[in-house]
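Q: Could you show me how to read a structure like this one, taking one feature at a time?

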Amino acid sequence: MRLDDPWDDASASGWEELDGAGGLAPARVPGPAAPRDGHSAADIYLEVQRSEAFQEVRRRYRRFVVPATVAFLVWYLAYVVTAVTAPGLMARPVAGAVNVAMVAGLGQFLTTFLLTGAYARHARLRRDRAALDLRWETQEMTRGAGR
Amino acid sequence: MSGHHQTLALLLFSVFIAVTLAITTWVSRNRHGSAEEFYAGGRLFSPMENGFAIAGDYMSAASFLGISGLIALFGYDGMLYSVGFLVAWLVVLLLVAELVRNCGRFTLADVVAARMAERPVRIAAGTSSVTVSVLYLVAQMVGAGSLVALLLGGTSGAARSWTVIGVGALMVVYVSLGGMRATTWIQIVKAVLLMAGTVTLTVLVLVHFHGNINELLHSAAGHSGYGKDFLSPGLRYGGSWTARIDFISLGLALVLGTAGLPHILSRFYTVPTARAARRSVVWSIGLIGSFYLMTIVLGFGAAALVGTADVRESNPAGNTAVPLLAMVLGGGEGSTGGTILFAVVAAVAFATILAVVAGITLASSASVAHDLYASLKRPGGKQHSEVAVARVAAAGIGVAAIGLGLLAQDLNVAFLVGLAFAVAASANLPVLLYSLFWRNFTTRGAVWSVYGGLIPAILLVLLSPVVSGSPASLFPGADFQVFPLENPGLVSIPLGFLAGWIGTVTAGEPPDAAKHAEIEVRAMTGAGAV
């Protein structure tokens, strides 16, 4: 039913070489990929969750997302709190009519765009391939497994 | 406003209505009536299409007219809104979009129910989703009524009432006949129109100042009547410490609320994979970010070219700043250019309201049919009846929104929007983040975190100066004001997170490790996602 799978388009995989061969962990899940009798879907998900390949995908996601989220929330809250507590500082002129407040506000726009780009690039290069492999692997294993 | 504007604006309104009705008929010509199709449009939209649709859903009339109007009135303090509305998308991009696409089917409750006891969680999340949607919907309806009446010259009560009724009837038609596919295409058309209109006006403002931003800012400060103060914070949120803390509260609600808005969450299900969901958010951040940058130019442009005093005289809330600016840019009142530009802006604003209203109606009808009805109905009901329920629910919500919209006609719209964001951030976001990231989260924690955010948010508003105790409040005669802030977010958002945590640690039920493994593997890889 899925005609063209966006996981597999050219731009998704074309840049991987730049990242170095070591950048992408082998996404093999330890253990046989064939469905086994007596294994429920719950067992399989637990097994995949414990696998090194999955832990690596999750680690890469969290290593980017946790610091990034903390950083932009702190930067945004600092901006809002400074605007209400230190309007004098914010009114200090920088160049012509442009003052600190203007620069900070436009800085918020700039950091949002930059972080969006960085996250999209990181996910594309460091996560998508391994996650896709794990996805097929897991679906292969759960096929025919009782729930 | 002369008769020419009205005729041209009405003509453009009618063209937009005709085009959107054609889209609705076209996409519903060979529908199968499946839930997948009605709620998620068949999940086959491309990231770019969905990115435009998300942007269309998000850029409401409050953004287009409201923010630039606030900038025209209060200068820099209006700009703080655009920053909050945009930064919120980082929460959506980094923490929510991909994982929600992988874990859910149609609604917020799907994600939570995947790990928890289904019934109580669905009822809780469904209730809060419907509450958020209805608040947002009424804000849009009230906005539609006053805006269109204003743009068409009269501020008569009859014109406003008929606008509210007309908008409500149209949205019921779009949603119940066309489902998500029609709603998405209407959003895309609207987003393109809105971007085109905004780019045109921005270019005209910049051309007028020969591309010299410094001159634009100087001129805006000069014509605002505030001088240099216009360009720094403090004009609106400077006075008392209550006002300042109120602004921090609003800022928190804006940045955390977006990720809990039901009509935004349901957009991630219209694309085939999590990767496509991520790419649609990247598209929408690009569109929304450039849009808000342009509203800043338009706001300062209106202050410079129209003048803050004239903007305030036309509409005390500043909502007509952009239409007035369009008139000046086109050559002033009575000129052909001014007439055309004014009518175009009016038509774009009308298209915006219709599209946003349709998107919210669809999301709330999904919550009613998929979460509340499915949980509360007697077992053994008919299998295919859910979409039929959703169509009826869309009509019911339409009627309710028309009724509330008529009742609430004199309410301050900005406060309703801020309240919707605060409720979304207090009730929907904690349960969503806990479900996705907390290993030990339990059913009781999920239910507590929804009600623990929802109830305080609404109670605090009832006890705030918005409802009673000041001349500008809903009931100026009564005084049961206890809570000093207009926006409850600063208190209710931490309460939502706290209630979820307390509910979980006191539950005593061991967390289900297998279900947590399943949701984590699904979230990260997309295995088993629909």
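Predicted model: local features only at pLDDT ≥ 70, side-chain atom pairs only at ≥ 80, totals over all residues.

Q: In which helix does S365(B) lie, and which residues does S365(B) touch, not counting residues up to four places away in sequence?

A: Helices (H or I, at least four residues) and strands (E, at least two) are DSSP runs, numbered from the N terminus, and S365(B) belongs to helix α15 (residues 336-376) of chain B. Contact means heavy atoms within 4.5 Å; leaving out residues up to four places away in sequence, S365(B) touches F38(B), A390(B), A393(B), A394(B) and I397(B).

Q: How many aromatic pairs are there over all chains?

A: Rings of Phe, Tyr and Trp (its six-membered ring) pair if their centres lie within 6.5 Å, and planes under 30 degrees apart count as stacked, over 60 as edge-to-face and the rest as tilted. By this rule there are 20 aromatic pairs over all chains. One of them joins F85(B) and F421(B), edge-to-face, at 5.5 Å centre to centre with 70° between the planes. This pair links distant parts of the chain, since F85(B) is in helix α5 (residues 76-103) of chain B and F421(B) is in helix α17 (residues 413-437) of chain B, 336 residues apart. F85(B) is buried at a relative accessible area of 10%, and F421(B) is buried at 0%.

Q: Why is the pair of W438(B) and F441(B) stacked?

A: The ring centres of W438(B) and F441(B) are 5.9 Å apart and the planes are at 25°, so the pair is stacked. Both W438(B) and F441(B) are buried.

Q: How is the size of an interface often given?

A: It is often given as the accessible area lost when the parts come together. Buried area is the accessible area (1.4 Å probe) that two parts lose on being put together, summed over both, and chain B and chain A bury about 5,400 Å² between them, 71% of it on carbon and sulfur atoms. L94(B), R275(B) and M524(B) supply 14% of the area that chain B buries against chain A, more than any other three residues. The contact takes 62 residues from chain B and 61 residues from chain A.

Q: How many salt bridges does the rule find across the interface of chain B and chain A?

A: A salt bridge is a side-chain nitrogen of Lys or Arg within 4 Å of a carboxyl oxygen of Asp or Glu, and the rule finds five across this interface. The side chains of R58(A) and E520(B) meet in a salt bridge at 2.6 Å, N to O. On the side of chain B that touches chain A, α5(B) gives the most, with 15 residues.

Q: Which residues does F64(A) touch, not counting residues up to four places away in sequence?

A: F64(A), in helix α3 (residues 52-85) of chain A, touches L115(A), A118(A), Y119(A), H122(A) and L94(B), with that same exclusion.

Key:
Residues numbered from 1 in each chain as written. Chains lettered and ligands numbered in written order. Heavy atoms only, no water. Buried < 20%, exposed > 50% of the residue type's maximum accessible area, 1.4 Å probe, protein only.
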